Amino acid sequence: MESLQQRLNHDRQELRGLERELQDKSTKANHTQVELEIAQLNAKVDDLEAKDIQMQELREKRTNALTQRSQLDGENNGLRQESDPIKKRLHTLQETVDALCPTCGSSLSYAAKMQLLNTLESELDRRRNQYTQNQALQRQLDHQIGQFEQTLNALSREIQHRTGW
């Protein structure tokens with residue numbers, strides 16, 4: 001009986017040892033799982049922070065493009081307003097037989113009239129070319145602004161999906 005009792009005590013000690021070992025392994029496994037979850041959350045936070053920075057940069061680029069587009073629009077309005085008097089002077093000078101010098105009011109020779117016409121036409125052409133270049137740049141900016149907005153919307157949706165917000 002004593003040997004059975006000894007055996008029983010021995011087995012109980014071994015069982016307690018195994019239970020402690022199991023608990024230690026379980027704690028280590030939980031600890032490992034928690035560390036893994038922390039690493040995953042850190043990666044998610046890093047990704048979200050990177051997306052936030054990307055969104056800030058895109059917003060800044062969009063704002064700059066909108067500002068530049070607005071400036072070009074204002075410049076084109078100015079070019080249009082500046083061109084109207086030139087067109088009137090050009091039309092008046094073309095219709096007039098005895099043209100007068102716009103500066104001193106004396107009669108212009110045919111050669112002087114032609115030179116003034118060429119100068120006015122060149123100025124008008126320069127303004128038209130600038131206007132056309134501005135419009136082309138505005139179209140490019142409109143395209144860029146659209147791309148910025150599409151990317152911002154896609155990033156926003158992705159962040160909402162990932163965060164559940």
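The exercises below treat the helices, the nonpolar cores and the salt bridges in turn.

The model is predicted, so local features need pLDDT of at least 70 and side-chain atom pairs count only at pLDDT 80 or more, while totals for chains, interfaces and linings use all residues. Residues are numbered from 1 along each chain as its sequence is written, and side-chain values use heavy atoms, leaving out hydrogens and water.

**Exercise 1. Helices**

Task: Determine how many helices and strands the chain has, and compare the span of H2 with the expected one.

Solution. 
1. Helices are DSSP runs of H or I with at least four residues, strands are runs of E with at least two, and both are numbered from the N terminus.
2. By this rule the chain has two helices and zero strands. H1 covers residues 2-95, and H2 covers residues 110-163.
3. Just after H2, glycine 164 has a positive phi of about 75°.

**Exercise 2. Burial and the nonpolar cores**

Task: Decide whether lysine 113 and glutamate 60 are buried or exposed, and state which residues form the largest nonpolar core.

Solution. 
1. Buried means under 20% relative accessible area, exposed over 50%, and partly exposed in between (1.4 Å probe, protein chains only).
2. Lysine 113 in H2 is buried because its relative accessibility is 12%. Glutamate 60 in H1 is exposed because its relative accessible area is 54%.
3. Of the 165 residues in the chain, 18% are buried.
4. A nonpolar core is a set of buried Ala, Val, Leu, Ile, Met, Phe, Trp, Tyr and Cys residues joined through side-chain atoms within 4.5 Å.
5. The largest such core consists of eleven residues: Leu48, Met55, Leu58, Ala65, Leu72, Leu141, Ile145, Phe148, Leu152, Leu155 and Ile159. H1 and H2 each contribute at least two of its residues, and the largest share, six residues, is from H2.
6. A second, separate core has nine residues, including Leu90, Leu93, Ala99 and Leu117.
7. Contact means heavy atoms within 4.5 Å. Neighbours within four places in sequence aside, leucine 155 is in contact with Lys51, Gln54, Met55 and Leu58.

**Exercise 3. Salt bridges**

Solution. 
1. A salt bridge requires a side-chain nitrogen of Lys or Arg within 4 Å of a carboxyl oxygen of Asp or Glu. The whole structure contains seven.
2. Arginine 69 and aspartate 142 form one of them, at 2.5 Å from N to O.
3. Arginine 69 is partly exposed at 25%, and aspartate 142 is partly exposed at 34%.
4. Glutamate 123 and arginine 127 form another salt bridge, at 2.9 Å from N to O.
5. An α-helix has 3.6 residues a turn, so residues three or four places apart point the same way.
6. Arginine 128 and aspartate 125 also form a salt bridge, with their closest N and O atoms 3.6 Å apart. They too lie about one helical turn apart, because three residues separate their positions in H2.
7. Finally, salt bridges with shared partners join Glu82, Glu123, Arg126 and Arg127 into one network.
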